[in-house]
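Here is a short report for a first look at this structure. Keep the sequence and the 3D view side by side as you read.

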Amino acid sequence: MRLDDSRVLITGASSGIGAATAHAMAGAHARLVLAGRDRARLDAVAAGTGGRVVAADVACGTAALAAEAGAVDVLVACAGVGWAGPVTAMTEAAIDELLAVNLAAPVHLTRLLLPGMIERGHGHIVFVSSIAGVVGVPGEAVYSATKAGLTAFAEALRAETPVGVSVVFPGVVDTPFFERRGAPYARRRPVPIPAARVARAIVRAVERERAEVYVPGWLELPARLKGAAPGAFRRLAGLLA
Ligand SMILES: NC(=O)c1ccc[n+]([C@@H]2O[C@H](COP(=O)([O-])OP(=O)(O)OC[C@H]3O[C@@H](n4cnc5c(N)ncnc54)[C@H](OP(=O)(O)O)[C@@H]3O)[C@@H](O)[C@H]2O)c1
């Protein structure tokens, strides 16, 4: 799909991967709608990329955001929140926030924007998932579930719509994500990759109509092992933990 002059809505555009995607999409001459909660940070991104800013909390609904965005050719559903710790320590509100922002909002935005894409015969949807949604990360059970939900949703969607659907699975990315979830990234490896690298992969996924993309690419190996030999994968993960 050609991105030049396409109208691209990016959620989570005020920070990290979403902000980097805004820059990469601007480089591909797309017309942007930048969504997030923090208007000042959205304005700062828009100053460098052009495009329109829509401030909205997707945990409180997506209908107003979709209406303000207008006709959208490409949706990059990137807004997301993390939570680290055992599921038994989570409050109901924390679980609901993860489900709402990471899973329900992308599903609702798809429902609202897909008919226009089909009507115009021009559209693509990118879900920013996570390797956690493929392998299931201990201490991130609900987060992993929300990201796995996106993969299953995308798989079904691909079969029921003519519109392109991509799922991008980043590993560890250097963004404020960890600080915001209240638990900094503490491991030495894998080393966090720059958000711009994920952003380039998102742009390529749209341009080349890629169904699933791992960033960095070597993450596809554990994902394949988990799919082909889940018992061996669990034993290996146990040894590496
Ligand atoms: N960083 C990683 O290692 C990593 C790895 C795999 C996948 N991911 C995924 O990548 C995506 C982007 O994360 P990031 O690393 O770029 O984190 P980030 O820098 O913390 O950015 C998160 C973005 O989501 C937006 N957001 C959060 N809650 C929202 C809400 N209720 N309503 C609207 N927007 C909301 C934030 O907007 P405001 O700032 O305006 O609130 C922000 O723009 C997420 O889906 C995350 O799960 C990240």
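Leaving aside its neighbours within four places in sequence, which residues is Thr-161 in contact with?

## Thr-161 and its surroundings

The contacts of Thr-161 beyond four places in sequence are Leu-114 and Ile-118. This is a predicted model. Both partners can be found on the chain by their numbers, within helix H4, which covers residues 92-120.

Thr-161 itself sits in a loop, between helix H6 (141-160) and strand S6. Is Thr-161 buried or exposed? Its relative accessibility is 9%, and buried means under 20%, so Thr-161 counts as buried. Its side chain also reaches the backbone nitrogen of Val-163, at 3.0 Å.

## Helix H6

Several residues of H6 are buried, among them Val-142, Tyr-143, Thr-146, Lys-147 and Leu-150. Further along, Thr-151, Ala-154 and Leu-157 are buried too. An α-helix has 3.6 residues a turn, so residues three or four places apart point the same way. What covers the buried residues of H6? The cover includes helices H4, H5 (132-135) and H7 (177-181). It also includes strands S5, S6 and S9 (212-215).

S5 spans residues 124-128 and is mostly covered. Five of its five residues are buried. In a regular strand the side chains alternate between the two faces of the sheet. In S5, His-124, Val-126 and Val-128 point one way. Ile-125 and Phe-127 point the other way.

S5 pairs with two strands, S4 and S6. With S4 (residues 74-77) the pairing is parallel, over four bridges. With S6 (residues 164-170) it is also parallel, over five bridges. His-124 takes part in both pairings: it is the bridge partner of Val-74, and its partner in S6 is Gly-164.

S4, H4 and S5 together make a right-handed β-α-β unit.

## The annotated region

UniProt, in an unreviewed entry, places the feature "domain: Ketoreductase" at residues 6-175. Over residues 6-175 the chain is 49% helix and 19% strand. The end C-alpha atoms of this stretch are 27 Å apart.

Conventions
Residues numbered from 1 in each chain as written. Predicted model: local features only at pLDDT ≥ 70, side-chain atom pairs only at ≥ 80, totals over all residues. Heavy atoms only, no water. Buried < 20%, exposed > 50% of the residue type's maximum accessible area, 1.4 Å probe, protein only. Pairing = 2+ DSSP bridges. Right-handed = clockwise from strand over helix to strand, strands pointing away. UniProt positions renumbered as here; feature names shortened; annotations may be inferred. Polar contact = N/O pair within 3.5 Å; in protein donor to acceptor, adjacent residues only side chain to side chain. Contact = heavy atoms within 4.5 Å.
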